[in-house]
Amino acid sequence: MSIQIPRGTQDILPGTVELWQHVEEKARAICKAYNYKEIRTPIFEHTELFLRGVGDTTDIVQKEMYTFNDRGERNLTLRPEGTASIVRSYVENKMFGNPNQPTKLYYIGPMFRYERPQAGRYRQFVQFGVEALGSNDPAIDAEVIALAMGMYQSLGLQKLKLVINSLGDNESRKAHRDALMDHFAPRIGEFCSDCQSRLEKNPLRILDCKKDRNHELMATAPSIVEYLNEESKVYYEKVQSYLTSMGIPFECDANLVRGLDYYNHTVFEIMSDAEGFGAITTLSGGGRYNGLVQEVGGPETPGIGFAMSIERLLLALQAEKVELPVEQSIDCFVVTLGEKAKDYSAKLLHDVRKVGLSAEKDYQDRKAKAQFKAADRYSAKFVAVLGDDELERGSINMKNMTTGEQEEISIDSFVSYLQERV
Ligand code: ATP
Ligand code: MG
């Protein structure tokens, strides 16, 4: 039997890859506008980084990591997300010492999680995300949210829902945590084994459980909003007023809890409201993580970020029937008639390509008719016809496929002719 692609992964073939390129270009452009710089970190890291940086009570760490020993007995993990690596790099490269603060970074790259594959859920997927490290200004929370929303909107998505919440600062979180423990402890036996171990380690995560979501204690659980101290409340209100002033609609949801262990203050998710989007409606999520840099061994530094997968973004575009303007055509196809013309066309194409125009010719020994068909399949903007006779006269026939116009030009002006017209 022939070898097949691993479960939960995909080949992105020509014809589709142009969509990816378009989306990636948009991401880079929007990051430029917001002054976030690209960072590229390794695909694998020491496993310890994710135990600390993602948190050992999370699904990611408990169930989803691709972990292995290399030949030198190092315990490594294919990165399941981007934040931990960026924080590691931030600390290792002492970016906190750079005069430009906050440190604003973005990444686009593959992540790996051992999950049950379904639409919008893969074992290898591409995340675009940003992190802003070193500022406690609620305006940066709003900026990060605005960037994520702007990304979707600039691609033409309209059916978006932004949900925000605050998990408060450490004091608020601790008060809430105690209340959650009191709430769940007496009946924790009725919950799944994951929730039972979450009770002591991080009871907040019980609220995020997919198995026990319908248990009656879930609906009556103490809400974080009741436990926010004055400072946290003011912070949360500030984020909201920035969003309002930017004209970004949002909903507050006191039950929104995010996966990572180190979130505090602002957390948010962006969902698709599009019909037919399927069971998974979350397009992206993010939040503030003021304890994370310290956890990874750096100085106490506030941070905030989000991540979105390109896969879910493309699904949302499909659900909203948005067609991306992707260029599939080439500038010129050279049809040759005769041996001399065929030989000469190699040099001719080389000249065109050198100036950055796209050009193609026949390499299959096709007859003229089949060459014209090929030009058509490539959606060539110009079709040049070169026969041995024309070559002798130093000329070439040009056909503009948009207007239908034809003319014979000097072969020496071939490149400049195309440059002026495409
Ligand atoms: P979910 O609840 O859907 O599992 P998550 O909380 O695990 O999401 P995050 O870790 O916050 O997701 O990742 C941020 C974003 O990355 C998600 O909102 C989603 O767009 C995307 N994402 C996460 N896991 C996958 C996956 N397996 N395949 C495709 N995209 C994913
Ligand atoms: Mg997940």
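Trainee: Let's start with strand pairing: which residue in β15 stands opposite Phe382?

Mentor: The general idea is that strands of a sheet pair through backbone hydrogen bonds, either parallel or antiparallel. Here, the residue across from Phe382 is Asn400 in β15. One caution before we go on: this is a predicted model, where local features need pLDDT of at least 70 and side-chain atom pairs count only at pLDDT 80 or more, while totals for chains, interfaces and linings use all residues. Residues are numbered from 1 along each chain as its sequence is written, chains are lettered from A and ligands numbered from 1 in the order in which they are written, and side-chain values use heavy atoms, with hydrogens and water left out.

Trainee: And what makes something a strand, or a pair of strands?

Mentor: Helices (H or I, at least four residues) and strands (E, at least two) are DSSP runs, numbered from the N terminus. Two strands pair if DSSP finds at least two bridges between them. β14 and β15 (residues 395-400) clear that with four bridges, in the antiparallel sense. Ala384 faces Met398 of β15, and Met398 in turn stands opposite Glu407 in β16.

Trainee: How many bridges link β15 to β16, and in which sense do they pair?

Mentor: Five, antiparallel, with β16 covering residues 406-410. The two strands form a hairpin with five residues between them, and Gly404 in the turn has a positive phi of about 85°. On the β12 side, β14 pairs in the parallel sense with β12 (residues 332-337), over six bridges. Cys332 is the residue opposite Phe382 there.

Trainee: Is β14 buried or exposed?

Mentor: Cut-offs first: buried means under 20% relative accessible area, exposed over 50%, and partly exposed in between (1.4 Å probe, protein chains only). Six of the six residues of β14 (residues 382-387) are buried, so the strand is largely enclosed by the rest of the structure. Both faces are covered, with Phe382, Ala384 and Leu386 on one side and Val383, Val385 and Gly387 on the other.

Trainee: What is the strand order in the open sheet of eight strands?

Mentor: Read it as β1-β5-β6-β11-β10-β9-β7-β8, with mixed pairing. β1 (37-38) and β8 (251-252) are at the edges with a single partner strand each, so one side of each has no neighbour in the sheet. Further in, β6 and β11 run antiparallel and are joined by seven bridges. Ala132 has Ile304 in β11 as its bridge partner.

Trainee: Now the ligand: how many residues surround ligand 1?

Mentor: A residue is counted as near a molecule if one of its heavy atoms lies within 4 Å of it. For ligand 1 that shell holds 16 residues, the closest being Arg113, Glu115, Arg121, Arg258 and Leu283. β6 (124-133), β10 (282-288) and β11 (303-309) each supply at least two shell residues, and β10 gives the most, with four.

Trainee: Where is Gln328?

Mentor: Gln328 is in the loop between α11 (310-319) and β12, and is partly exposed at 42% relative accessibility. Its C-alpha is separated by 7.4 Å from that of Ser379, 51 residues apart along the chain.
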